[in-house]
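Please read them alongside the coordinates.

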Amino acid sequence: MEITQILIEKNVPCTMRDGTVLYANIYRPNQEGEFPVLLTRLPYGKDLPFYSHRYLDTNRLVSNGYVVIIQDVRGRYHSEGEFHPFTYEAEDGYDTVEWAASLPYSSGKVGMFGLSYYGFTQLLAAAERPPHLHAIFPAMTLNDQRDGGFYQNGALGLGLMETWTLESIVPDLLRRKHRDAKSYAEAIKKMANSMNHIDEWYRYAPIKDWPPIEELGVAEFFFDFMNRNLEDDVWKKTSIVDKYDRFNVPAYHVGGWYDCFLNSTIQNYTEMKKKADGKAKHYQKIIIGPWGHGDFRTGLGERSFGVHSSGDWIDLREDLTHLHLRWFDYWLKGKDTNITEEAPVKIFVMGMNKWRDEYEWPLARTKYVPYYFHSEGGANTRFGDGRLSTEKPGDETVDRFVYDPKNPVPTHGGATLYDGVNTMGPRDQRRIEEREDVLVYTSEPLKAPLEVTGHVKVKLWAATDAKDTDFTAKLVDVLPDGTAYNLTDGIVRARYRNGYKPEADLNGEVVEYEIDLWATSNVFLPGHCIRVEISSSNFPRFDANPNTGKTMKDSGETKPAKQTVYHNEKYPSHVILPIIPVEEV
């Protein structure tokens, strides 16, 4: 029976093990009885519908017989304590789950839901194994701040880190600091002015002295991150990559092909399938749509994937709220919703724009095919002679370009999360491909459809005259009219090409780089071309490498770098595409 009235309790206290009191809003059925609890913990303000109900209808959750609890994490809004991203979420999450289970109207069974930061609060709590947590539903979230969180292969996620801190975190910290209205208003004006000029502030270096935050006197964690080395063990405290065997609850993961946390979302699913404890290993599911971060609409960037692609009408069957209800109804109420019998993997295949069920990831039938780079030494721009084919290169001329950190290649769509105009998703790359510092390798038009579904990597042999530098790669679907839509991309910082421990300065040698482009699912239709772009920057999604051996975090000094890309018999640079056999398309 559907609940018709909802009781709301505001600012309900919950005391942590160290005495810190966190506050939550509780929404529950206005009737007698005990109900399972659905909990989310977030830093964005439990009173704001934009964050609390960003992609779910929580009223529907209550109407279907759940207690919904939305809690301000430590140091945010009404909750006591000091905020430091992710540091306290594991223990605080454990304590909150057990508190929620003990409430007089609770059945004792707790589930957690949430996206992004409040997707990760679930995972950190679940790794602590609170006894009354029975299922989770993490959406578009991370697993380690150094690996697709605030960093990617050694490069700083500049736009994400700066705008997330300034726009999403700083305002409440200013409210806490400035108790009188006048000083608070002045501080907010400074913050807003910085956001209004954020494109200029992206270029400021050294970042460790970034004025938009430093002059406000809050968010010290930002500078802690800037001064912390990647190999520092303190990062492990808020990572789950070495804790997958600790998970003992079923999880339904949500990802998007253009989400900034796609790689970690997929890794969370695959690693829990391998390592989670007990039934949790057998009850992991994932859905990946043509979505951006928190954006489940039909259209993204400059493309529309059809009404059935939307999170409001998945495959014309259900919305995300109903999907959550079926998951939690099974695990928290014992209802037969058929959800555990469904395929564990559901993906949206772009190009043909269809949903498809799969039974493993990566797909067992995948053929990993290398597509090699070719040119006569003039692959610069889309008007150059760069070619892409399955034929191995012979004795070919190298390609060269100059990467100038003062004029980096601008980010144009992709799996982004930073403040700007239309920054996310698939966008026409032709303007980017007219730059001399972008090498472009394009296949012949396809005669038959070709599906690429899975993880994409570039093997690149390159040299530079810099002490340290970056190399970037992008996979692009080129339509018959020339429109070039980005599918996925990646970056590698030379100094961190082998992990978090920095390598020595480069000295002009030829180095083999592996650039992880994460994953995609796309059918290249007949008449379309496959394209790969190679360059050295993607700004401001990533900080521009100054080529001096230092970074933008600690220095404003830059120098141009002369980059050389090899594609010959000895150094066969190529992209590895996960091809699904034609008969399956």
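**Notes on the predicted model**

1. Helix 10 is largely enclosed by the rest of the structure, because ten of its 14 residues are buried. The buried positions in helix 10 are Leu 262, Asn 263, Ser 264, Thr 265, Ile 266, Asn 268, Tyr 269, Thr 270, Glu 271 and Met 272. The helix takes in residues 262-275 and, from its first C-alpha to its last, reaches 20 Å, which is close to the 20 Å expected at 1.5 Å a residue. It should be kept in mind here, and in every point below, that this is a predicted model.

2. On the overall division, the protein chain is split into domain 1 (6-147 + 236-358), domain 2 (156-229) and domain 3 (367-580). The C-alpha centres of domain 1 and domain 3 are 34 Å apart, and the contact between these two domains involves 26 residues of domain 1 and 25 residues of domain 3.

3. Helix 3, residues 89-102, also has 14 residues, and its reach of 20 Å between the first and last C-alpha is close to the 20 Å expected at 1.5 Å a residue. Helix 3 is mostly covered, with eleven of its 14 residues buried; these are Glu 89, Ala 90, Asp 92, Gly 93, Asp 95, Thr 96, Val 97, Glu 98, Trp 99, Ala 100 and Ala 101.

4. How do helix 3 and helix 4 cross? Their axes come within 8 Å, at a crossing angle of roughly 75 degrees, with helix 4 formed by residues 117-126. Because of that angle, helix 3 is roughly perpendicular to helix 4. On the side of helix 3 the contact is made by Glu 89, Ala 90, Gly 93 and Tyr 94, and on the side of helix 4 by Tyr 117, Thr 121, Leu 124 and Ala 125. By residue class, the contact of helix 3 with helix 4 divides into five nonpolar, two polar and one charged.

5. Gln 122, which is found in helix 4, is buried, with a relative accessible area of 0%. Leaving aside neighbours within four places in sequence, Gln 122 is in contact with Met 112, Phe 113, Gly 114, Ile 136, Phe 137 and Pro 138. The C-alpha atoms of Gln 122 and Leu 133 are separated by 9.9 Å, the two residues being eleven apart along the chain.

6. Helix 5 contributes Leu 166, Glu 167, Val 170, Pro 171, Leu 174 and Arg 175 to the contact, while helix 6 contributes Tyr 184, Ala 187, Ile 188, Met 191, Ser 194 and Met 195. The residues of this contact of helix 5 with helix 6 divide into nine nonpolar, one polar and two charged.

7. His 134 lies in strand 6, residues 133-139, and is partly exposed, with a relative accessible area of 24%. Apart from neighbours within four places in sequence, His 134 is in contact with Gly 108, Lys 109, Val 110, Val 249, Pro 250, Trp 331 and Leu 332. His 134 and Leu 517, by comparison, are 383 residues apart in sequence and 34 Å apart in space, C-alpha to C-alpha.

8. Some backbone geometry deserves a check, beginning with the cis peptide bonds. The bond from Ala 205 to Pro 206 is cis, with omega near 5 degrees, and Pro 206 lies in the loop between helix 7 (198-201) and helix 8 (211-214). The bond from Trp 361 to Pro 362 is likewise cis, with omega near -5 degrees, and Pro 362 lies in the loop between strand 14 (354-358) and strand 15 (367-374).

9. Which residues other than glycine have a positive phi? Phe 86 is one of them, with phi near 70 degrees, and is found in the loop between strand 4 (67-72) and helix 3. Phe 86 counts as buried because its relative accessibility is 4%. Asp 315 is another, with a positive phi of about 55 degrees, and is placed in the loop between strand 12 (303-304) and helix 12 (320-333). At 22% relative accessibility, Asp 315 counts as partly exposed.

Methods
Residues numbered from 1 in each chain as written. Predicted model: local features only at pLDDT ≥ 70, side-chain atom pairs only at ≥ 80, totals over all residues. Heavy atoms only, no water. Helix = DSSP H or I, 4+ residues; strand = E, 2+ residues; numbered from the N terminus. Expected span 1.5 Å × (residues − 1). Buried < 20%, exposed > 50% of the residue type's maximum accessible area, 1.4 Å probe, protein only. Axes fitted to C-alpha atoms, helices over the stretch in contact; angles between N-to-C directions. Parallel < 35°, antiparallel > 145°, perpendicular 65-115°, else oblique. Contact = heavy atoms within 4.5 Å. Nonpolar A, V, L, I, M, F, W, Y, C, P; charged D, E, K, R; others polar. Domains from an automatic or database assignment.
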